[in-house]
Amino acid sequence: MRESNSLPARLKELRKLHGYTQDYVAAALGIVRQTYSHYETGRRIPKYDVLFKISELYSISLDNLMDIVDNQDNDALADKGSSDNELSKMLDYFEQPINKQRFRNFSKLEKELLYYFERLPDIEKKELVEIAKMKHRHKGR
C-alpha cells in the first residue's frame, strides 16, 4: 500500500491504520483539513510543532514518524524495508471488508497492540500470550 518511503505516504498510512478521517486528524492538530490534506499529498511539509503533535496523536517517536534511518547501516535499511512491508500488510489486512467489519469497534490501543504484536518473532508472541493469560487469571482472583 505504501507508495514510497515518504512522509506523505507515512501520514496517510498511519491515519488509515488508526481509522481516522482527515477531518479528525486536522482537528486534533488544530489545523484545517485542507492543510492536513496537503501534508498527505506532499504539497506542504508540516512544521516541527505539527510533526510533534502528529507523533503524539499516533503515540510514536518523531524518528519513527519520519522513518529516520542511518543510510550507512544496511541492517537498518533491511529492517526498514520489512517494516514498510509489514505496515502495508497490516493496513491491507484492516482494509479487507471482513476485517473492517470485525475490527470496526477496536480502539486505537487495540489496533496498535495488533500492529506491534504482528512485528514480533513467534517466540515473543507466545511469551506475550502467556503473560496475558497470567494477568487474566490473576485478575479473576
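These legends describe close-up views of a predicted model.

**View 1. A salt bridge between Glu 40 and Arg 15.** The side chains meet with N and O 2.5 Å apart. Glu 40 belongs to helix H3 (residues 33-41) and Arg 15 to helix H1 (residues 7-17), so the pair ties together parts 25 residues apart in sequence. Glu 40 and Arg 15 are both buried. The structure holds 4 salt bridges.

**View 2. Arg 33 paired with Asp 23.** This contact is a salt bridge whose closest N and O atoms lie 3.9 Å apart. Arg 33 sits in helix H3, while Asp 23 sits in helix H2 (residues 22-29), so the pair ties together parts 10 residues apart in sequence. Arg 33 counts as partly exposed because its relative accessibility is 38%.

View 3. Asp 122 counts as exposed, at 53% relative accessibility. Lys 125 is buried, with a relative accessible area of 16%; the cut-off for buried is under 20%. Side chains of opposite charge can pair when their charged atoms come close.

**View 4. A nonpolar surface patch of Leu 128, Ile 131 and Met 134.** Together, these three residues have about 270 Å² of accessible area. Met 134 is placed in helix H9, which spans residues 122-139.

Notes:
Residues are numbered from 1 along each chain as its sequence is written. This is a predicted model: local features need pLDDT of at least 70, side-chain atom pairs count only at pLDDT 80 or more; totals for chains, interfaces and linings use all residues. Side-chain values use heavy atoms; hydrogens and water are left out. Patches are made of residues with over 30% relative accessible area and no salt bridge: like charges are joined within 9 Å, nonpolar side chains (Val, Leu, Ile, Met, Phe, Trp, Tyr) within 5 Å. Accessible areas come from the Shrake-Rupley method with a 1.4 Å probe; for residues, only the protein chains shown count as cover. Helices (H or I, at least four residues) and strands (E, at least two) are DSSP runs, numbered from the N terminus. Buried means under 20% relative accessible area, exposed over 50%, partly exposed in between (1.4 Å probe, protein chains only).
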